[in-house]
Amino acid sequence: QSDILSSPVVLGALASVNGQCVLVSGADSVGNTLTGNVYMLCEDGSHEQWKEFCKPLLTPRILACACCYGGRWLIVCGGYVSKTAGESKLLEAVNVVEVLDTTKGEWYQLPEGCCPN
(Lines give C-alpha, C1' and ligand atoms only; values in the text may rest on other atoms or scores of the structure.)
Protein backbone atom coordinates (compact mmCIF):
# COMPACT_ATOMS: atom_id res chain seq x y z
CA GLN A 1 0.00 0.00 0.00
CA SER A 2 1.40 3.37 -0.97
CA ASP A 3 1.75 6.35 1.32
CA ILE A 4 -1.27 8.69 1.11
CA LEU A 5 1.08 11.69 0.93
CA SER A 6 2.41 10.96 -2.54
CA SER A 7 3.22 14.65 -3.07
CA PRO A 8 4.80 17.00 -0.53
CA VAL A 9 2.75 19.20 1.79
CA VAL A 10 4.36 22.47 2.86
CA LEU A 11 3.63 25.08 5.51
CA GLY A 12 1.43 22.73 7.55
CA ALA A 13 1.31 22.42 11.33
CA LEU A 14 2.46 19.42 13.36
CA ALA A 15 1.00 18.23 16.64
CA SER A 16 1.22 15.16 18.82
CA VAL A 17 -2.10 13.41 19.50
CA ASN A 18 -1.77 10.63 22.04
CA GLY A 19 1.87 10.17 21.09
CA GLN A 20 1.19 10.07 17.33
CA CYS A 21 2.48 12.72 14.93
CA VAL A 22 -0.32 14.59 13.12
CA LEU A 23 0.11 16.90 10.10
CA VAL A 24 -2.58 19.57 9.82
CA SER A 25 -3.50 21.51 6.68
CA GLY A 26 -0.84 23.15 4.51
CA ALA A 27 -0.45 23.57 0.76
CA ASP A 28 0.86 21.64 -2.22
CA SER A 29 4.59 21.81 -2.88
CA VAL A 30 4.33 25.01 -4.94
CA GLY A 31 1.91 26.68 -2.53
CA ASN A 32 -0.90 27.06 -5.06
CA THR A 33 -3.56 24.86 -3.48
CA LEU A 34 -4.41 25.01 0.22
CA THR A 35 -5.51 21.77 1.79
CA GLY A 36 -7.46 21.26 4.98
CA ASN A 37 -6.48 17.61 5.15
CA VAL A 38 -5.26 16.06 8.39
CA TYR A 39 -2.89 13.07 8.39
CA MET A 40 -1.41 10.83 11.07
CA LEU A 41 1.95 9.11 10.82
CA CYS A 42 1.24 5.41 11.39
CA GLU A 43 3.51 2.42 11.73
CA ASP A 44 2.61 -0.17 9.14
CA GLY A 45 4.71 -3.26 9.67
CA SER A 46 8.33 -2.37 9.04
CA HIS A 47 7.78 1.21 7.87
CA GLU A 48 5.80 4.34 8.67
CA GLN A 49 3.30 6.03 6.39
CA TRP A 50 0.87 8.92 6.49
CA LYS A 51 -2.84 8.07 6.65
CA GLU A 52 -5.94 10.25 6.78
CA PHE A 53 -6.75 11.01 10.40
CA CYS A 54 -10.11 12.78 10.21
CA LYS A 55 -12.31 15.04 8.10
CA PRO A 56 -10.58 18.11 6.60
CA LEU A 57 -10.49 21.41 8.46
CA LEU A 58 -13.45 23.71 7.95
CA THR A 59 -11.03 26.49 6.90
CA PRO A 60 -8.03 25.21 4.89
CA ARG A 61 -4.94 27.33 5.58
CA ILE A 62 -1.19 27.48 5.90
CA LEU A 63 1.10 28.46 8.77
CA ALA A 64 -1.46 27.65 11.47
CA CYS A 65 -0.56 26.51 14.97
CA ALA A 66 -1.76 23.15 16.25
CA CYS A 67 -1.70 21.39 19.60
CA CYS A 68 -3.51 18.63 21.42
CA TYR A 69 -5.21 19.25 24.76
CA GLY A 70 -6.11 16.49 27.18
CA GLY A 71 -5.42 13.78 24.62
CA ARG A 72 -8.84 14.45 23.10
CA TRP A 73 -8.96 17.91 21.55
CA LEU A 74 -6.85 18.86 18.51
CA ILE A 75 -6.81 22.66 18.39
CA VAL A 76 -5.83 24.58 15.24
CA CYS A 77 -5.39 28.36 15.54
CA GLY A 78 -4.79 31.16 13.08
CA GLY A 79 -2.86 30.87 9.87
CA TYR A 80 -3.28 32.35 6.43
CA VAL A 81 -5.69 31.82 3.55
CA SER A 82 -5.05 32.64 -0.08
CA LYS A 83 -6.91 35.58 -1.61
CA THR A 84 -6.83 36.79 -5.19
CA ALA A 85 -6.53 40.49 -5.93
CA GLY A 86 -6.57 41.10 -9.66
CA GLU A 87 -3.65 39.13 -11.07
CA SER A 88 -1.97 38.69 -7.69
CA LYS A 89 -2.36 36.07 -5.01
CA LEU A 90 -2.17 37.42 -1.49
CA LEU A 91 -2.09 35.80 1.92
CA GLU A 92 -4.64 37.02 4.45
CA ALA A 93 -4.35 36.27 8.18
CA VAL A 94 -7.34 34.49 9.69
CA ASN A 95 -8.59 34.75 13.26
CA VAL A 96 -10.10 31.26 13.26
CA VAL A 97 -9.90 28.53 15.89
CA GLU A 98 -11.09 25.04 15.05
CA VAL A 99 -11.27 22.20 17.57
CA LEU A 100 -11.44 18.53 16.66
CA ASP A 101 -13.08 16.16 19.12
CA THR A 102 -10.86 13.16 18.33
CA THR A 103 -13.34 10.75 19.95
CA LYS A 104 -16.12 11.82 17.55
CA GLY A 105 -14.06 12.92 14.54
CA GLU A 106 -15.98 16.21 14.35
CA TRP A 107 -14.62 19.73 13.87
CA TYR A 108 -16.07 22.71 15.73
CA GLN A 109 -15.30 26.34 14.97
CA LEU A 110 -15.09 28.64 17.98
CA PRO A 111 -16.93 31.98 17.75
CA GLU A 112 -15.09 34.76 15.94
CA GLY A 113 -13.25 37.08 18.27
CA CYS A 114 -12.60 34.44 20.91
CA CYS A 115 -8.85 34.91 20.33
CA PRO A 116 -6.88 38.11 20.72
CA ASN A 117 -5.55 39.67 17.51
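Leaving aside neighbours within four places in sequence, Val38 is in contact with Val22, Leu23, Val24, Lys51, Glu52, Phe53, Cys54, Lys55, Leu74 and Trp107, contact being defined as heavy atoms within 4.5 Å. The structure is a predicted model, in which local features need pLDDT of at least 70, side-chain atom pairs count only at pLDDT 80 or more, and totals for chains, interfaces and linings use all residues. Residues are numbered from 1 along each chain as its sequence is written, and side-chain values use heavy atoms, with hydrogens and water left out.

Val38 also belongs to the largest nonpolar core, a set of 16 residues in which Val22, Val24, Val38, Ala66, Leu74, Val76 and Trp107 have the most contacts. At least two residues of this core come from each of strand 2 (13-17), strand 3 (20-24), strand 5 (38-44) and strand 8 (73-77). A nonpolar core is a set of buried Ala, Val, Leu, Ile, Met, Phe, Trp, Tyr and Cys residues joined through side-chain atoms within 4.5 Å; buried denotes under 20% relative accessible area (1.4 Å probe, protein chains only). Of the 117 residues of the protein, 33% are buried.

Strand 5 pairs with strand 6 (residues 47-52) in the antiparallel sense over 6 bridges, pairing requiring at least two DSSP bridges between two strands. Within this arrangement, Tyr39 stands opposite Glu52 of strand 6. The two strands form a hairpin with 2 residues between them, and Gly45 in the turn has a positive phi of about 70°.

Overall, the protein contains 12 strands and 0 helices, where strands (E, at least two residues) and helices (H or I, at least four) are DSSP runs numbered from the N terminus.

Definitions and conventions. Buried means under 20% relative accessible area, exposed over 50%, partly exposed in between (1.4 Å probe, protein chains only).
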